[in-house]
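Have a go at each one before you read its solution.

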Amino acid sequence: MKQTELVGVQKTLSPVLKAKALDNRLPDPILGDEHAERVMRLLDPGYDQRRFGTSQLGLAAVVRTKAHDDWARSFLAGHPDAVVLHLGCGLDARVYRIDPPATVDWYDLDYPAVIELRRRLLPEREHYTLIGSSVTDLTWLERIPRGRPVLMIAEGLVPYLTETDARRLLTSVVDAFPTGQIQIDTVPVWAWRTSKWDPTLRKYGTRFNCGFNDPAALAGWHPRLEYVDETPMYDSPVLMAKAPANVRRMHRLMLLLPGMRRSTRIVRFRF
Ligand SMILES: C[S@@+](CC[C@H](N)C(=O)[O-])C[C@H]1O[C@@H](n2cnc3c(N)ncnc32)[C@H](O)[C@@H]1O
């Protein structure tokens, strides 16, 4: 299946999908996502045949996915009538991993080309809707039922938005629902500023468009928004417990560099 249909930032779904596919091959995976392995094989049958093809160096991305899953599960356990907005979903199989009850309505949103690819690769299910749109064109929000708790998950998305668009997105979601939880991840200002030289982002023809040194301060964007907490990624105990020795060594070295420990911040808000 050709990946050339995806352009620019849409291609960033591929390294995270590969990380999840490879995690599933560990004897004791962090995420254990069989969909990721199957979809990665369909998308790029030789993905593990090339140099570094089976390297687990991207495993930290899987820690981020697991963290978002764990937060989502605990929110849905307390709000079985929730609406889920999974924004910038890529080819992530979160709805199948979490498998919410039929009382939850789940929306996966990404650019039309990504959603088209999803339709070909992942099964449909009840109470599950795909929306092909830029997240910044907020007319998609008019399609979502109101008056219910909302869970907004944006994994690996916010750094690609401008601060103005990120702010409009968060405040519009808070304005549209009575209560909810917002889970995002952000990068610091230095990572945003240097992203135009980041080899991976350059390869995909994209870059970050915003960064925050104190993501908790985003709660100040809306009077009803409240910062809850942050969960570790590069220095997470699960990564150190489950990653192969070479990956643990690389992360230990990486953590010696100033700023790397918090080069991605996974944060949660409520309102
Ligand atoms: C790094 S990938 C993460 C994908 C997925 N969340 C995951 O963790 O596997 C970023 C995703 O955000 C999507 N994206 C970036 N900007 C977007 C926008 N303005 N509207 C909709 N999707 C966007 C990309 O198409 C891509 O699928």
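Predicted model: local features only at pLDDT ≥ 70, side-chain atom pairs only at ≥ 80, totals over all residues.

**Exercise 1.** Work out which residues of α6 are buried and which exposed residues sit on the face turned away from them.

Solution. Start with the helix itself: α6 runs over residues 163–176, and its 14 residues reach 20 Å from the first C-alpha to the last. Next, pick out the buried ones, which are Ala 166, Leu 169, Leu 170, Val 173 and Val 174. They cover an arc of only 125° around the axis, so they lie on the same side of α6. Now turn to the face pointing away from that buried side: there you'll find the exposed residues Thr 164 and Asp 175. Finally, look at what covers the buried residues: β1 (83–87), β4 (150–154) and β5 (180–186) are included.

**Exercise 2.** Find the residues with the most contacts inside the largest nonpolar core.

Solution. That core has 68 residues, and the ones to find are Leu 85, Leu 87, Leu 151, Met 152 and Val 173. Its largest share, eight residues, comes from helix α3 (residues 60–78). Now zoom in on Met 152: leaving aside neighbours within four places in sequence, its contacts include Leu 85, Leu 87 and Val 173.

**Exercise 3.** Describe how α1 and α3 cross.

Solution. The axes of α1 (residues 13–23) and α3 come within 8 Å and cross at roughly 90°. Therefore α1 is roughly perpendicular to α3. As for who meets whom, Val 16, Ala 19, Lys 20 and Asp 23 in α1 meet Ala 61, Val 62 and Thr 65 in α3.

Note on methods: Residues numbered from 1 in each chain as written. Helix = DSSP H or I, 4+ residues; strand = E, 2+ residues; numbered from the N terminus. Expected span 1.5 Å × (residues − 1). Buried ≥ 20, exposed ≤ 12 C-beta atoms within 10 Å, placed from the backbone. Arc of directions from axis to C-beta. Contact = placed C-beta atoms within 7 Å. Core = buried A, V, L, I, M, F, W, Y, C linked by C-beta atoms within 7 Å. Axes fitted to C-alpha atoms, helices over the stretch in contact; angles between N-to-C directions. Parallel < 35°, antiparallel > 145°, perpendicular 65-115°, else oblique.
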